[in-house]
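Student: Can you walk me through this fold? I'd like to talk about the sheet and then the pocket.
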Amino acid sequence: MGFPEWLDIYQEAWIDGSTLAGRVCPECGRADLHLDFTRPRSSSVNVMAALRCGACLRGIHLGNCPRPETRKIWTWDDAQRERPVPNYTLIPPE
């Protein structure tokens with residue numbers, strides 16, 4: 001699989017976060033996908049998205065994302081303290 005499949009999952013989850021519950025990882029087939037939004041403490045507009053599989057630790061990272069209206073956006077400091085995004089292998093754009 002590849003980046004386009006991950007991007008499709010991201011776009012669906014950005015609109016409705018509950019769609020992740022039924023989706024499987026395009027890499028390993030496990031239903032363990034997570035999407036977190038983070039930003040630097042000094043900025044309210046530079047939002048980044050981390051979409052990854054908790055089972056195989058592969059996924060995508062997107063920068064300069066639109067702010068999701070219904071999702072929590074973590075500052076980098078808060079994300080590290082409260083809900084760390086693990087190191088994961090990035091799937092490169094094709």
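This is a predicted model: local features need pLDDT of at least 70, side-chain atom pairs count only at pLDDT 80 or more; totals for chains, interfaces and linings use all residues.
Student: What's the strand order in the open sheet?
Tutor: β4-β1-β2-β3-β5, with mixed pairing. Strands are DSSP runs (E, at least two residues), helices H or I of at least four, numbered from the N terminus. Two strands pair if DSSP finds at least two bridges between them.
Student: Which strands stand at the edges?
Tutor: β4 (73–75) and β5 (89–90). Each has a single partner strand, so one side is left without a neighbour in the sheet.
Student: How do β1 and β2 pair?
Tutor: Antiparallel, over six bridges. Leu 35 has Leu 51 in β2 as its bridge partner. β1 and β4 run parallel, joined by three bridges.
Student: How many residues of β1 are buried?
Tutor: Six of its seven. Buried means under 20% relative accessible area (1.4 Å probe, protein chains only).
Student: Now the largest pocket. What lines it, by class?
Tutor: Six nonpolar, four polar and no charged residues. Nonpolar covers Ala, Val, Leu, Ile, Met, Phe, Trp, Tyr, Cys and Pro; charged is Asp, Glu, Lys and Arg; the others, Gly among them, are polar. The lining includes His 61, Trp 76 and Tyr 88.
Student: And which helix gives the most to that lining?
Tutor: Helix α2 (residues 76–82), with three residues. A pocket is an open set of points on a 1 Å grid over the protein atoms alone where a 1.4 Å probe fits, with protein on both sides within 12 Å along at least five of seven lines; lining residues have an atom within 4 Å of a point.

Definitions and conventions: Residues are numbered from 1 along each chain as its sequence is written. Side-chain values use heavy atoms; hydrogens and water are left out. Buried means under 20% relative accessible area, exposed over 50%, partly exposed in between (1.4 Å probe, protein chains only).
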